[in-house]
Amino acid sequence: MSDKGRVYHLEVKRGEVANRIITVGEHSRAEEFAQCLDKDAPVFRLISKRGFLTITGKYKGVPISIVGIGMGLPMMDFFVREVRSIVDGQLAIIRFGSCGSIGAARIGSVIVQNSAFAITRNYNYFSDTEDLEPVSSDEKPYNFSKIFHADPELCKKVELELIKSFGEEHVFTGLNATCDSFYSSQGREDVNFRDYNSNLISSIHDIYPEAISLEMETFMLFHLAKSSTPLPLKDSNSKNTNNSNHSIKAAAAAMVFADRVTNDFISSDKVHDIQKVARNAVLNSLVDFDLTYVHPDDDDCVW
Ligand code: R1P
């Protein structure tokens with residue numbers, strides 16, 4: 001943190017980020033969500049040198065932030081940890097992203113990711129350095145983590161709002177795989193590399209038959225929410241019914257851009273149409289969620 005209280009990569013300080021947050025990958029998606037912010041409240045915007053976009057304003061009178069983080073597990077890690085360090089009280093974070101479908105959801109559908117596991121490249125498997133231990137025969141090229149869950153209450157709100165907006169037939173709920181590559185650990189074969197991934201998607205279904213999507217961030221969000229330490233005792237007077245002791249509540253949904261069964265890919269017009277409908281659904285679920293206690297409305301706040 002700088003001597004002005006700004007975190008290193010997002011460059012925001014206390015009072016610039018609200019307790020309720022939507023996180024997306026692309027800045028243009030963040031801006032599209034920002035169009036829904038209340039017109040009569042100030043809107044704060046900051047793009048950091050490292051490419052994080054933070055927008056804070058109010059939606060239906062409730063302070064919210066929208067943060068564009070880019071892609072991948074480390075970007076989610078920077079975002080969650082740095083935001084956690086400068087916001088008092090509980091955090092509710094919803095990721096709204098895109099994904100590939102490995103189940104029944106076709107392009108243009110939305111998947112509510114109620115749980116996630118990680119698929120990471122097992123670097124040792126690819127080693128040809130002689131002084132390393134030889135790879136044992138039971139070692140696999142990709143590691144599969146255990147499953148981490150979204151906050152059930154927040155996840156349900158997201159699901160209900162999306163169903164209200166899109167209809168039940170276009171909303172799927174299930175287990176997501178967060179991969180450390182768009183290519184190798186998502187089973188995309190590349191003649192330029194020895195990735196040993198031709199059977200990856202069938203291996204996913206052998207281990208987790210219920211897996212329905214692939215993307216690159218949600219697992220880290222759920223994992224950090226689960227690892228977040230409890231809030232201090234001063235919230236014990238709260239009327240909130242939400243009694244899990246984690247200081248971060250997380251949920252995620254994603255538009256299906258790539259159909260990994262049929263190999264279809266979405267058009268940019270279609271993306272725009274889905275985002276326009278989804279943004280209010282996601283924002284409604286966020287502001288409707290009770291938090292144990294929130295950042296005090298003091299003079300430092302941009303809202
Ligand atoms: C890859 O193209 C990116 O798209 C998906 C993946 O998780 C990865 O970050 O997410 P977003 O559309 O939310 O950025």
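**Salt bridges and a buried helix**

Modeller: Start with Leu224, which touches Met76, Asp77, Val80, Arg81 and Ile248, leaving out residues up to four places away in sequence. Contact here means heavy atoms within 4.5 Å.

Biologist: What kind of model is this, and how are residues numbered?

Modeller: This is a predicted model, where local features need pLDDT of at least 70, side-chain atom pairs count only at pLDDT 80 or more, and totals for chains, interfaces and linings use all residues. Residues are numbered from 1 along each chain as its sequence is written, and side-chain values use heavy atoms, with hydrogens and water left out.

Biologist: Back to Leu224. Which helix is it in, and is it buried or exposed?

Modeller: Leu224 is in helix H5. Leu224 is buried, at 7% relative accessibility. Buried means under 20% relative accessible area, exposed means over 50%, and partly exposed is in between (1.4 Å probe, protein chains only). Helices (H or I, at least four residues) and strands (E, at least two) are DSSP runs, numbered from the N terminus.

Biologist: What about the rest of H5, how many of its residues are buried?

Modeller: Seven of the ten residues of helix H5 (residues 218-227) are buried, so H5 is largely enclosed by the rest of the structure. The buried ones are Thr218, Phe219, Met220, Leu221, Phe222, Leu224 and Ala225.

Biologist: And how many helices and strands are in the chain?

Modeller: The chain has six helices and eleven strands. Its radius of gyration is 20 Å, close to the 19 Å that the globule rule gives for 303 residues, so the chain is as compact as a globular protein of that length. That radius is taken over C-alpha atoms, and the globule rule is 2.2 Å times the number of residues to the power 0.38.

Biologist: What share of the chain is buried?

Modeller: Buried residues are 54% of the 303. As for contacts between residues at least 6 apart in sequence, 78% join residues at least 24 apart.

Biologist: Changing topic: how many salt bridges are there?

Modeller: The whole structure has 16. A salt bridge is a side-chain nitrogen of Lys or Arg within 4 Å of a carboxyl oxygen of Asp or Glu.

Biologist: Where do Glu11 and Lys49 sit?

Modeller: Their side chains form a salt bridge at 3.4 Å, N to O. The pair links distant parts of the chain, 38 residues apart: Glu11 is in the segment before strand E1 (20-24), and Lys49 is in the loop between strand E2 (44-47) and strand E3 (53-59). Glu11 is buried at 17% relative accessible area, while Lys49 is exposed at 76%.

Biologist: What about Asp195 and Arg121?

Modeller: Those side chains meet in a salt bridge too, at 2.7 Å, N to O. Asp195 is in the loop between strand E9 (171-179) and helix H4 (200-207), and Arg121 is in strand E6 (residues 110-121), 74 residues apart. Asp195 is buried, at 8% relative accessibility.

Biologist: How far apart in helix H3 are Glu159 and Lys156?

Modeller: They are three residues apart in helix H3 (residues 152-166), so about one helical turn separates them. Glu159 is buried at 13% relative accessibility, and Lys156 is partly exposed at 45%.

Biologist: Which residues are linked in a network of salt bridges?

Modeller: Arg14, Asp88, Asp298 and Asp300.
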